[in-house]
Amino acid sequence: MSSLLVDNIGELVTNVAGTGDGSPLGLRRDSAVLVEDGHVAWVGPARYAPAADRRIDAGGAAALPGFVDSHAHLVFAGDRAAEFAARMAGQPYTGGGIRTTVGATRAASDDTLRATVRRLVGEAMRQGTTTIEIKSGYGLTVADEARSLRIAAEASEETTFLGAHVVPAEYADRPDDYVGLVCGPMLAAAAPYARWVDVFCERGAFDADHARAILTVGQAAGLGVRLHANQLGPGPGVRLGVELGAASVDHCTHLDDADVSALADSTAPDGSGTATVATLLPGAEFSTRSPYPDARRLLDAGVTVALATDCNPGSSYTSSMPFCVALAVREMRMTPAEAVWAATAGGARALRRTDIGVLRPGARADLTILDAPSHLHLAYRPGVPLIHQVLHNGVPQCRS
Ligand SMILES: [Zn+2]
């Protein structure tokens, strides 16, 4: 078993609360991390670092857990740059463009879809992301949803069945029949490749009754629940998600007091944070020129908040977690520390994972070294490529 020492880390974000500086980030100065067999074996002061077979010198820079992007749609074909340009020229976002991508995705070969997933996972990795959730949702037939998830599962262990993304055109006048298809043969074909089930619960997509039906049968099939909720307007999604024990409700842009209370009251079994995480996706508001969710209100109510990219070809075609951190700080009133936590430990919570988003013995050795002395620079220097090196499962990836 070979060992690797990441040495001379000027500032280490561990996300082990109460250690280091005592903050939620668990900041340590002048540290080292020992990696063995793909996992963290030791974290401590550099001067006490044990010997190792190999060594990476961080040069006094900052390091943090790899970003955990808990919300992305990577299995698709084509792009919608023209739709983006039209929107920037004043047309509103309605979500209807999803059907454009559905047509292109159905027409694409497996190899085309696979190449897109690999390209985007690589792009995200070069920006510090070591875990990325991947949803289906651009196939919307039994065969196309199953193959989307099969291809997603080749690239990530966090895969989500989103057959209920939008009602496809051929079912436009009989949405109940489409929900029946999703709950029956489509779920059966998709479930072997999926860990999660998700529904786009929104006016114009799926209402609360449809969402409840789909999520309940998904749960019965062994899948965890997550939900697109309250993105385009107020609605029942957030409270439905909490009621069903969802790991995460995503977007949360339009919340009333009852939504915030429901989230705040969903206490996690271990008492640390809320059982249902509010995952905020500021890339979507950026790309649709919409008002941002109020992260400060959620945080002040005690809700656990995650940040993710929502990477998709329509409403948020970014794979960059640093960009989302910068937006969250500038536009959503999060502190840099809160945003960095939400993009790492928060994402792990949203995926109900304890082995990622944290650097402590036993955790997966997913670690990002910055070209910067502090995590503050992720928000302070927006748009600048600050990722120096990424370790995934303890293996150094190509430098950017
Ligand atoms: Zn989404």
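Is Arg 353 buried or exposed? Select Arg 353 and find out: Arg 353 is buried, with a relative accessible area of 13%. Buried means under 20% relative accessible area, exposed means over 50%, and partly exposed lies in between (1.4 Å probe, protein chains only).

Before moving on, know what is on screen. This is a predicted model, in which local features need pLDDT of at least 70, side-chain atom pairs count only at pLDDT 80 or more, and totals for chains, interfaces and linings use all residues. Residues are numbered from 1 along each chain as its sequence is written, and side-chain values use heavy atoms, with hydrogens and water left out.

**Stop 1: salt bridges**

A salt bridge here is a side-chain nitrogen of Lys or Arg within 4 Å of a carboxyl oxygen of Asp or Glu. Asp 355 is partly exposed, at 27% relative accessible area. The whole structure has 29 salt bridges.

Next, select Arg 150 and Asp 110. They form a salt bridge whose closest N and O atoms are 2.9 Å apart. This pair links distant parts of the chain: Arg 150 sits in helix H4 (residues 142-155) and Asp 110 in helix H3 (residues 110-125), 40 residues apart. Helices (H or I, at least four residues) and strands (E, at least two) are DSSP runs, numbered from the N terminus. Arg 150 is partly exposed at 32%, and Asp 110 is partly exposed at 26%.

Then pick Lys 135 and Asp 198. Their salt bridge has its closest N and O atoms 2.8 Å apart. Lys 135 lies in strand E8 and Asp 198 in strand E10 (residues 196-201), so the pair ties together parts that are 63 residues apart in sequence. Both Lys 135 and Asp 198 are buried.

**Stop 2: the sheets**

Switch to a cartoon view. Strands of a sheet pair through backbone hydrogen bonds, either parallel or antiparallel. In this tour, two strands pair if DSSP finds at least two bridges between them. Follow the order E8-E9-E10-E11-E12-E13-E14: these seven strands form an open sheet with parallel pairing. Strand E8 (134-135) and strand E14 (305-307) are the edges, each pairing on one side only.

Zoom in on strand E12 (residues 248-251) and strand E13 (residues 277-280). They run parallel and are joined by three bridges. Here, Val 249 stands opposite Ala 278 in E13.

For an antiparallel pair, select strand E2 (residues 28-36) and strand E3 (residues 39-45), joined by six bridges. Glu 36 has His 39 in E3 as its bridge partner. E2 and E3 form a hairpin with two residues between them, and Asp 37 in the turn has a positive phi of about 55°.

**Stop 3: two cysteines**

Cys 201 is buried at 4%. Cys 252 is buried too, at 1%.

**Stop 4: the largest pocket**

Select Ser 272, Thr 304, Trp 341, Ala 345 and Arg 349. Of the 34 residues that line the largest pocket, these lie nearest its centre. (On a 1 Å grid over the protein atoms alone, a pocket is an open set of points where a 1.4 Å probe fits, with protein on both sides within 12 Å along at least five of seven lines; lining residues have an atom within 4 Å of a point.) Helix H12 (residues 336-350) gives the largest share of the lining, seven residues.

**Stop 5: loops**

Go to Asp 310, in the loop between E14 and helix H11 (321-331). Asp 310 has a positive phi of about 60° although it is not a glycine. Asp 310 is buried, at 2%.

End at Gly 383, in the loop between helix H13 (377-380) and strand E16 (387-392). Gly 383 is exposed, at 81%.
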